[in-house]
Amino acid sequence: MAGAGLSMLETSPEVGPEVGNEVGQTTGVATPERDIARDLAKRAVWVSPLFLAVGAIGWGSEGVASAAVALALVAVNFLLGAAIITRAVRISLNALFGAVLFGYIARLGLMTAVVLVVRTGGWFATVPFAITLLVTHLGLLVWESTRVSASLAFPGLKPAPGSQVTPEENHSK
């Protein structure tokens, strides 16, 4: 890679927006935050049968519905966070910092609004919802942190030993 000594916030021609593009129009841009969020959402689907089963065993159909709402909120939260970062990083570092802060507050507000709306329904069970929401948020982040490489060449996925993949090959998969 041409910019071997770059930090996470700098870009090189291989991974950054191409010169001459308008804001928001990029081609071939590496977006590790989007890759990581998609990976987290995919893993939320993988663990969902466990949480739905626990909800069914402990709370019946209300537990299943509540766990499903929590799982959906977790996936949407990660995907929205990545979308906010992806959009803001193209503008400036100050925009990124502000978007991360206010995006976090907005996403917390969204989750709170969803809870306030669904808790009045007779089908909502607080305990399986809270357990699923907390455990999947933290568990998926821990799970992903073991997979994320510190190298820009392998965003979001831990490389297999002995294999070298360029950023272009990584994003074409």
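These legends describe close-up views of a predicted model.

**View 1. Helix H3 and its buried face.** Helix H3 covers residues 126-145. This 20-residue helix reaches 28 Å from its first C-alpha to its last, close to the 28 Å expected at 1.5 Å a residue. Its buried residues are Pro-128, Phe-129, Thr-132, Leu-133, Thr-136, His-137, Leu-140 and Glu-144. An α-helix has 3.6 residues a turn, so residues three or four places apart point the same way.

**View 2. Helix H2 between its packing partners in the list of contacts.** H2 has 26 residues. From first C-alpha to last, H2 reaches 37 Å, close to the 38 Å expected at 1.5 Å a residue. Six positions in H2 are named as buried: Leu-96, Ala-99, Gly-103, Arg-107, Met-111 and Val-118. The buried residues of H2 pack against H1 and H3.

**View 3. The crossing of H1 and H3.** Two packed helices are described by the angle between their axes and the distance between the axes. Here the axes of H1 and H3 come within 11 Å. They cross at roughly 150°. H1 is therefore roughly antiparallel to H3, since the angle is over 145 degrees. The crossing of H1 past H3 is right-handed.

**View 4. The largest nonpolar core.** This core has 13 residues. Leu-73, Val-74, Phe-78, Phe-129, Leu-133 and Leu-140 touch the most other members. H1, H2 and H3 each supply at least two residues of the core. The largest share, seven residues, comes from H1. In soluble globular proteins, nonpolar side chains tend to be buried together.

**View 5. Contacts of Leu-133.** Leu-133 is one of the buried residues of H3. Leu-133 is also among the core residues that touch the most other members. Neighbours within four places in sequence are left aside here. Beyond them, Leu-133 is in contact with Ala-70, Leu-73, Val-74 and Met-111. Of these, Leu-73 and Val-74 are likewise among the core residues with the most touching members. Met-111 is a buried residue of H2.

**View 6. Ala-75 in helix H1.** Ala-75 is found in helix H1. Ala-75 counts as buried because its relative accessibility is 16%, and the cut-off is under 20%. Asp-39 lies 36 residues from Ala-75 along the chain. The C-alpha atoms of Ala-75 and Asp-39 are separated by 9.9 Å.

How values were computed
Residues numbered from 1 in each chain as written. Predicted model: local features only at pLDDT ≥ 70, side-chain atom pairs only at ≥ 80, totals over all residues. Heavy atoms only, no water. Helix = DSSP H or I, 4+ residues; strand = E, 2+ residues; numbered from the N terminus. Expected span 1.5 Å × (residues − 1). Buried < 20%, exposed > 50% of the residue type's maximum accessible area, 1.4 Å probe, protein only. Core = buried A, V, L, I, M, F, W, Y, C linked by side-chain atoms within 4.5 Å. Contact = heavy atoms within 4.5 Å. Axes fitted to C-alpha atoms, helices over the stretch in contact; angles between N-to-C directions. Parallel < 35°, antiparallel > 145°, perpendicular 65-115°, else oblique. Left-handed = near helix turned anticlockwise from the far one by under 90°.
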